[in-house]
Amino acid sequence: MKRIVPILLCLCLCACNSAAPSQNSEKFTLTDEAPATESTNVCSVAFSGDGADIKGSGAYLNEGSLAITDGGEYTLSGNFSGCITVDITKNKKATLILSDLTVKSDTAAINIISADKVNIVLRGKNSLSDGKTYADEKGAEPSACLYSADDIEISGDGSLAVKANSKNGIESKNDVKISGGSIEITAAKNAIKGKDSVKISAGSINIPACYDGIKSDNEKEDGRGIVEITGGKISMTCSDDGIQAYRSVNVQSAEIKIGSDKLIYLPYLMGERTPILDVNSRGVFFGLSAMHTRAHMARATMEGVSYSLYSCVELL
């Protein structure tokens, strides 16, 4: 039994920090001083260069930026050279429908300064890119191509390409939720960062280049600093950590591609008898790196056991 302890410990790793998971993490919900209200405001914005055709209320152009100042639903389309800002009261929500939208900005492409929550719905093909130097100073905000000081959720059946030239790709100072869409992120720093949590339940996420892939680092408050992946397809190539969370990482049914990103598991925990007789063989994860998660290890384990059984079947 002692021989399998290291393997069990590896499979139980759930964070990049040794802090114990909080028992209250499942019960945590954000609350505000006043309950959030739904707005009936509907507005459409069709961009062209640094201008826009705005139909409806709650949004206006201001010195190269589109300012959204009221809750409601905003459909954004076209090509825009500037920044989209959302600054509404803490008890209001906004929905941004990105419909074939391209934004190129010298600062953050989307900067959510204040809101109860902002839902970002993807339709068609969308892309965001930011400047290279606006977030250079430590502690500078915004610090991401798509930045929010409050909760954000990304959904829909469209696509979003994020090119973060300065620092992070998608970031929230609270929670980031992804429940749909096809998202590709190239980032100089973190691809997806939610200070309190990152929760992914659906969608396709491809991160071809970044420093850290998915990160949550709130170490001061119980129930925060968690990454939870319960669905979706995720592929990452990172120079440092694939997933990093201060408190816990929970990967349930997210889809990891065949081959487990070159992670191989040999299931010889007690030697091998068939088809190879070698009592000295031992189990091992080969090719393990910082980008691999528990989901990779689970998939690699299933693949290793399956191939071992297949080798036996071939002898029949």
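**Patch, strands and cysteines**

Reader: What is the relative accessible area of isoleucine 264?
Author: Isoleucine 264 is partly exposed in this predicted model. A residue counts as partly exposed when the value lies between the limit for buried, under 20%, and the limit for exposed, over 50%. For isoleucine 264 the value is 44%.

Reader: Which residues form the nonpolar patch on the surface?
Author: Isoleucine 264 has its place in strand 23. Strand 23 (264-266) and strand 24 (284-286) each supply at least two residues of the patch. Together the patch residues have about 340 Å² of accessible area, and they are Ile264, Leu266, Val284 and Phe286.

Reader: Which strands stand at the edges of the open sheet of nine strands?
Author: The order of the sheet is 3-4-6-8-11-14-16-18-21, with mixed pairing.

Reader: Which residue is the bridge partner of serine 172 in strand 16?
Author: Strand 14 (residues 168-172) and strand 16 (residues 190-194) run parallel and are joined by three bridges. Serine 172 lies within the range of strand 14. Its bridge partner in strand 16 is glycine 194.

Reader: How many bridges join strand 15 to strand 17?
Author: Strand 15 (residues 175-187) also pairs in the parallel sense with strand 12 (residues 151-156), over three bridges. With strand 13 (residues 159-164), strand 15 pairs in the parallel sense over six bridges. Strand 17 (residues 197-210) runs parallel to strand 15 too, and aspartate 175 has serine 197 as its bridge partner there. The number of bridges joining strand 15 to strand 17 is nine.

Reader: How far is the sulfur of cysteine 210 from the closest cysteine sulfur?
Author: Cysteine 210 counts as buried, at 8% relative accessibility. A disulfide needs two cysteine sulfur atoms within 2.5 Å. The closest cysteine sulfur, in cysteine 238, is too far for a bond, because the distance is 3.2 Å.

Reader: How many disulfides does the structure hold?
Author: A disulfide is a covalent bond between the sulfur atoms of two cysteines. Cysteine 83, buried at 6% relative accessibility, is in no disulfide, and the nearest cysteine sulfur, that of cysteine 145, is 9.5 Å away. For the whole structure, the number of disulfides is zero.

Definitions and conventions:
Residues are numbered from 1 along each chain as its sequence is written. This is a predicted model: local features need pLDDT of at least 70, side-chain atom pairs count only at pLDDT 80 or more; totals for chains, interfaces and linings use all residues. Side-chain values use heavy atoms; hydrogens and water are left out. Patches are made of residues with over 30% relative accessible area and no salt bridge: like charges are joined within 9 Å, nonpolar side chains (Val, Leu, Ile, Met, Phe, Trp, Tyr) within 5 Å. Accessible areas come from the Shrake-Rupley method with a 1.4 Å probe; for residues, only the protein chains shown count as cover. A salt bridge is a side-chain nitrogen of Lys or Arg within 4 Å of a carboxyl oxygen of Asp or Glu. Helices (H or I, at least four residues) and strands (E, at least two) are DSSP runs, numbered from the N terminus. Buried means under 20% relative accessible area, exposed over 50%, partly exposed in between (1.4 Å probe, protein chains only). Two strands pair if DSSP finds at least two bridges between them.
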